[in-house]
Amino acid sequence: MHPLENARRLIEQYAPMCGARDEALRAIDDMLPYCDADLRVCSECGVEFFLTQPAREFFLSRNMNLPHRCKWCRQRRKAAGR
Ligand SMILES: [Zn+2]
């Protein structure tokens, strides 16, 4: 099991019902997609960006190439109409 999933389970099991618990669980949920994420380097601006597992599956399921550019460069190119 992934350490974060393990932490989530422990929090659910032992932390009392309170705002902090919900916050902790939410923080873990936010991080989970990045656990298996690929750290890639943008071919255009050289910035490092994460390709999360769901995003990767999205591209692969559509037989699309995995992105070589960060989302900002992709947005910029899209806006430029290319
Ligand atoms: Zn870029």
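This passage walks through the overall build of the protein chain and then visits one of its helices. The model is predicted, so local features need pLDDT of at least 70 and side-chain atom pairs count only at pLDDT 80 or more, while totals for chains, interfaces and linings use all residues. Residues are numbered from 1 along each chain as its sequence is written.

The protein chain has 4 helices and 2 strands, where helices (H or I, at least four residues) and strands (E, at least two) are DSSP runs numbered from the N terminus. Starting at the N terminus, the order of these elements is α-α-β-β-α-α. The protein chain is more spread out than a compact globule, because its radius of gyration is 17 Å, well over the 12 Å given for 82 residues by the globule rule (2.2 Å times the number of residues to the power 0.38, with the radius taken over C-alpha atoms). Along the principal axes, the C-alpha trace spans about 50 × 25 × 20 Å.

Two domains are assigned, domain 1 (1-35) and domain 2 (36-82), with bounds that come from an automatic or database domain assignment. Their centres, taken over C-alpha atoms, are separated by 28 Å.

Of the 82 residues, 1% count as buried, meaning that 20 or more other C-beta atoms, placed from the backbone, lie within 10 Å of the residue's own. After α3 comes asparagine 63, with a positive phi near 55°.

Terms used:
A residue is buried if 20 or more other C-beta atoms lie within 10 Å of its own, exposed if 12 or fewer, and partly exposed in between; C-beta atoms are placed from the backbone.
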